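I wanted to go through the fold of this chain from its overall order down to one helix, and I kept notes as I went.

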Amino acid sequence: MKGPGMSTVLYDLAGAEPERRFSPFCWRIKLALAHKNLSFDTIAWRFTEKDVISFSGQGKVPVLVDSDKVIADSWAIATYLEDAYPQQPLLFGGDAGKALTLFVNSWADRSLARGLVPLLILDIFNHLHEKDQAYFRQTREKALGAPLEQIVLSRETKVKELRHLLEPLRGLLKTQNFVAGTAPAYADYAIFGFFQWARCISPLKLIESDDPIYQWRERLLDAFGGLARQAPGYDV
Ligand SMILES: N[C@@H](CCC(=O)N[C@@H](CS)C(=O)NCC(=O)O)C(=O)O
């Protein structure tokens, strides 16, 4: 248990407005902290503020500082929380659950992210603090091999492709309320983080309202007293 004066702080990516917190990886962790009933503070962080998180030994968020522990990387943080707070609701549900959740996490990072980036990349750029814009454009255009404006062409076709990519998730959510079963767990947050990323920075309607994925996202927007719904974003 934490003693007096001990705190839990998350470095959390922000846009031009300090309250626009859009990192998919940080959203996973905010929901994981809420799931574990842990109170926490966040610190708004921008892409170019590498010096601010250099104490973590790397340059990306999320970075969690829990009393005297410093952990970076969303999967490492989720694993840390499960091990450090085993008496609180479980995030994975045992070893088999952890292994399956890692698969879900990897699918989200590799396949879902790849489907979303070409839809969202310019909207992200447009919401960034101006001190981040040149860095973001340069690093993303180098990684993706084209100007941002070109990457987002033909969004209608890309939305259709995304909806097709989501078919296994849709099938699952036709039969159960959450990826983890009857109640949400980290497998849900790993995927939801990406939908919340989109919601925070883009007015694009990715999912139709009658889609089981939309209903699932609604349930997670309402979870933990509406933690995700209250965040600045687009009501799509
Ligand atoms: N694998 C990492 C990815 C973290 C990551 O890519 N974070 C982004 C924000 S969404 C970042 O901080 N990027 C810094 C940069 O691109 O310079 C995780 O799961 O936490």
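I first read off the order of elements, which from the N terminus on runs β-α-β-β-β-α-α-α-α-α-α-α-α, giving nine helices and four strands; helices (H or I, at least four residues) and strands (E, at least two) are DSSP runs, numbered from the N terminus. I note that this is a predicted model, in which local features need pLDDT of at least 70 and side-chain atom pairs count only at pLDDT 80 or more, while totals for chains, interfaces and linings use all residues. Residues are numbered from 1 along each chain as its sequence is written, and side-chain values use heavy atoms, with hydrogens and water left out.

For contacts (heavy atoms within 4.5 Å), I found that residues 24 or more positions apart account for 68% of those with a separation of 6 or more. Of the 236 residues, 50% count as buried, where buried means under 20% relative accessible area and exposed over 50%, with partly exposed in between (1.4 Å probe, protein chains only).

I then turned to helix α7 (residues 167-175), whose buried residues are Leu-169, Arg-170 and Leu-173. Seen down the axis of α7, these fall within an arc of 100 degrees, so they line one face of the helix; the arc is that of the directions from the helix axis to the C-beta atoms. On the other side of α7, I list Pro-168, Lys-174 and Thr-175 as exposed. The cover over the buried residues of α7 includes α6 (155-165), α8 (186-201) and α9 (212-226).
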